[in-house]
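Hi there,

Here is the structure I promised to pass on to you. Have a look at it first, and then read my notes below.

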Amino acid sequence: MSGARRARRGWFRKNTVALATLVLAIPLAGWWTTRSDYKSWYDNEPRDPVTVSASGTTYNGATWYAANVEENPDPSRAGADQDNLPDGTTRIRVYFRLQVDNLSALEGLGGCQVHLRAPDGRIWDEDAIADDYQDRPTGCSGGSDDKPSSWRGAAAPYYLKPVAGKPFETVAVFVVPSSVAGSVQPTITWATKLPQYLAFPR
């Protein structure tokens, strides 16, 4: 046996433990990283629906009622500009109705995210530029408006502060592909409640 072979054998003998550790450590590190990424995604994916019933469902300090969905709605203000939508898309307006028995519960409703969810799992957020199609406050905690009622016209009653024990409505407007406009489902999520989400049947 040559000196080079003996040297190689000696090196392998001396480093057997280190090599075995390396062989085990690389797959283990890969598994741990993949598991961590998957868990992070899994914990932050809205996948557990809390379905709102027609008679009302209690969730996150409020009672939620069925949502009203309008496809291709008219602008909410007379003479409003009707901006052109991209080809193959449709505007959706959704009214959410809820009630709190204690006004302090409104604080817990802040930070909600309103979405439309297609049967295939795709999700759309509300359109940020939709003032001409919103006739009442947005957001889950209600809204108020100190301007004279004449400023809002017929919509003025919707801009009062929510009253404990009395249902109020909030609105969200979306732009989605026309192919799914008839099947999208309104949903609401809170970062503190994921992976749960409120699902409003159509």
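What follows is a short tour of the salt bridges and the pocket.

First, some housekeeping. This is a predicted model, in which local features need pLDDT of at least 70 and side-chain atom pairs count only at pLDDT 80 or more, while totals for chains, interfaces and linings use all residues. Residues are numbered from 1 along each chain as its sequence is written, and side-chain values use heavy atoms, with hydrogens and water left out.

Salt bridges

The structure holds five salt bridges (a side-chain nitrogen of Lys or Arg within 4 Å of a carboxyl oxygen of Asp or Glu). Among them is a network that links Asp135, Arg136 and Glu169. Arg136 pairs with Asp135, with 2.9 Å between the closest N and O atoms, and also with Glu169, at 2.1 Å from N to O. Helices (H or I, at least four residues) and strands (E, at least two) are DSSP runs, numbered from the N terminus.

Are these residues buried or exposed? Arg136 is buried at 6% relative accessibility, and Asp135 is buried at 16%, whereas Glu169 is partly exposed at 24%. The cut-offs are under 20% relative accessible area for buried, over 50% for exposed, and partly exposed in between (1.4 Å probe, protein chains only).

Another salt bridge joins the side chains of Glu71 and Arg202, at 3.3 Å from N to O. Here the partners are 131 residues apart, with Glu71 in strand β3 (residues 62-71) and Arg202 in the segment after β9 (196-199). Glu71 is partly exposed at 41%, and so is Arg202 at 47%.

The largest pocket

The largest pocket has a volume of about 260 Å³. Of its 14 lining residues, Pro157, Tyr158, Lys166, Pro167 and Phe168 are the closest to its centre. A pocket here is an open set of points on a 1 Å grid over the protein atoms alone, where a 1.4 Å probe fits, with protein on both sides within 12 Å along at least five of seven lines; lining residues have an atom within 4 Å of a point. The volume is the space filled by probe spheres set on the points, which are joined across faces, edges and corners.

Best wishes
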